[in-house]
Amino acid sequence: MNTAHLSLRPSAVIGAISPRIYGSFLEHLGRAVYDGIYEPGHPSADADGFRTDVIELVKELGVSTVRYPGGNFVSGFKWEDSVGPREERPTRLDLAWHSTESNEIGLHEFQDWLDKVGSELMLAINLGTRGVAEALDLLEYANHRGGTALSEQRIANGRTDPFGVKMWCLGNEMDGPWQVGHSTAEYYGTLAAKTAQAMKMVDPDLELVVCGSSSSSMPTFGEWERVTLTHAYEDVEYISCHAYYENTGDLGAFLASGVDMDYFINSVVATADHVKAVRGSTKTIDISFDEWNIWYNTRFETVDRIAGVDNWPTAPRLLEDTYTVSDAVVFGSLLITLLKHADRVTSASLAQLVNVIAPIRPSPAGRPGARRRSSRSPPRRRTGGEWPSTST
C-alpha cells in the first residue's frame, strides 16, 4: 500500500495575503448592472433603485474591490456619458456585447452602490478608442479636490468630495482581436507608458495596472508581457492576468485547471523579473489577476451571442451560467492557487459578481419586462431563454 506524508512548516511563509485578492468585477454586460444590482421596481429596491437583497449577499461575500465598468465594454466607453443629469445622458451602442447602453447607472451611482456594500473602486479607463487626454480628464474629474473645470463639474453633479480612486486599469485585454481598438504590444506598451506617466504627474501615488495577455493560450503570450513591460515597467505597479476555465468533457483535465493557472502566474512573474533584470530596476511588478472564473464560453459563442445590424437589446440575458459541484471544486482550487502566489498576486477580481458568470443570480420582479423604467429608458429586449423563478 502506498502511503503519503505531509509536513507542515509554519515558518515557510510565502507572503502576506492582500485583502484585494478577494476582489470582484462588474461590467456593463447583460444583466450584471441593470436587473442585477439595480432594479428600481423590485420589492427590495432602496430609494436609489439598488436591490438590498443583492447588497446583503455582496457584503456577506466580503468583496474588497470591484473592477468597473469593464471589461470589453470599457474599450468603447465615453466616461462623460455616465455623469450628469440622467435625463441628459446619451444612449449608446455597446460594440463589445452588441447591446444598447442607457448610461442610467454611471460613475456616481456605482460609487454610491460601493459605499453601500463597503468595497473599493478599481476603475478601468478606455485605451481602445481613446487615450492620454481622456484618461487625464477622468482622473481630474474623479480625484481632484476642486477649483478646476472638471472637478467643479463633479461637485455640480452632486459629489463634493473626490472619489479618491487609487487603483486604475490601463485598458482591457488589448491583445485580443475581439477588443475594440486592439493593438500590438509595441503600440499598446507605448500608449500605456505615456498614459501612466501623465496620470502620475497628477498623483504619483496612483496604483496602475498594465494589460498583460488575456489568456496564456494567446499566440503572443509571454512576448506581449515582455514588450509591454519594456515600455511601461517603471510607470506601473501591476500587470494583469485573465483566465477562464470550463469542463469540455475531460473532467480530469478540468479538475487540474489550477495547474494551468499556476503555470500562467509563474510565466508572467518570470517575464516581469526578466524585464526588471534587463532594466537594472529595483522595482518589482506584482500581478493583478483581475479576471478569473469558470465560464462556459463555448455556449456563449454558439448560443448566446447577439448579432444583427438592427438587434441591439438593452440588458440582454447573457453569460448566466448555472454551476455544478465540479465547477465549485475547480473554483476553490483556483482561489487556492491565487493564495499560493500571495507574494506576487496582490490583487484579483472574480469575474463577475452578479448574474454574469456570477455567484449571485437574482430574479427580476415579476415577468420579463415588468421592471419599472424611467420615462427616458428604452424598452428592454431580452434574449437567451426563460427567467429563473427565484432569487439566489
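This is a predicted model: local features need pLDDT of at least 70, side-chain atom pairs count only at pLDDT 80 or more; totals for chains, interfaces and linings use all residues.
Residues are numbered from 1 along each chain as its sequence is written, and side-chain values use heavy atoms, with hydrogens and water left out.

Helices (H or I, at least four residues) and strands (E, at least two) are DSSP runs, numbered from the N terminus.

Two packed helices are described by the angle between their axes and the distance between the axes. Helix α3 (residues 132-143) and helix α5 (residues 185-202) have axes that come within 9 Å and cross at roughly 30°, which makes α3 roughly parallel to α5. Axes are lines fitted to C-alpha atoms, for helices over the stretch in contact, and angles run from 0 to 180 degrees between N-to-C directions; those under 35 degrees count as roughly parallel, over 145 as roughly antiparallel, 65 to 115 as roughly perpendicular and the rest as oblique. The crossing of α3 and α5 is right-handed, meaning that the near helix is turned clockwise from the far one by less than a right angle. Contact (heavy atoms within 4.5 Å) is made by Val-132, Ala-135, Leu-136 and Leu-139 of α3 together with Leu-191, Lys-194, Thr-195, Ala-198, Met-199 and Val-202 of α5. By class, this contact has 8 nonpolar, 1 polar and 1 charged residues, where Ala, Val, Leu, Ile, Met, Phe, Trp, Tyr, Cys and Pro count as nonpolar, Asp, Glu, Lys and Arg as charged, and the others, Gly among them, as polar.

Ser-151 lies in helix α4 (residues 149-156) and is buried, with a relative accessible area of 0%; buried means under 20% relative accessible area, exposed over 50%, and partly exposed in between (1.4 Å probe, protein chains only). Not counting residues up to four places away in sequence, Ser-151 touches Glu-140, His-144, Arg-145 and Gly-146, and its C-alpha atom is separated by 6.2 Å from that of Glu-140, 11 residues apart along the chain. Ser-214, found in the loop between β7 (207-210) and α6 (223-232), is buried at a relative accessible area of 8%. Leaving aside neighbours within four places in sequence, Ser-214 is in contact with Glu-173, Asp-175, Trp-178 and His-242.

The peptide bond from Tyr-68 to Pro-69 is cis, with omega near 0°, and Pro-69 is found in the loop between β2 (65-68) and β3 (92-94). A cis peptide bond also joins Gly-70 and Gly-71, with omega about 10°, and Gly-71 is placed in the loop between β2 and β3. Asp-35, in the loop between β1 (23-25) and α1 (52-61), has a positive phi of about 75° although it is not a glycine, and counts as buried at 0% relative accessibility. His-98, in the loop between β3 and β4 (99-101), has a positive phi of about 50° and is buried, with a relative accessible area of 16%.
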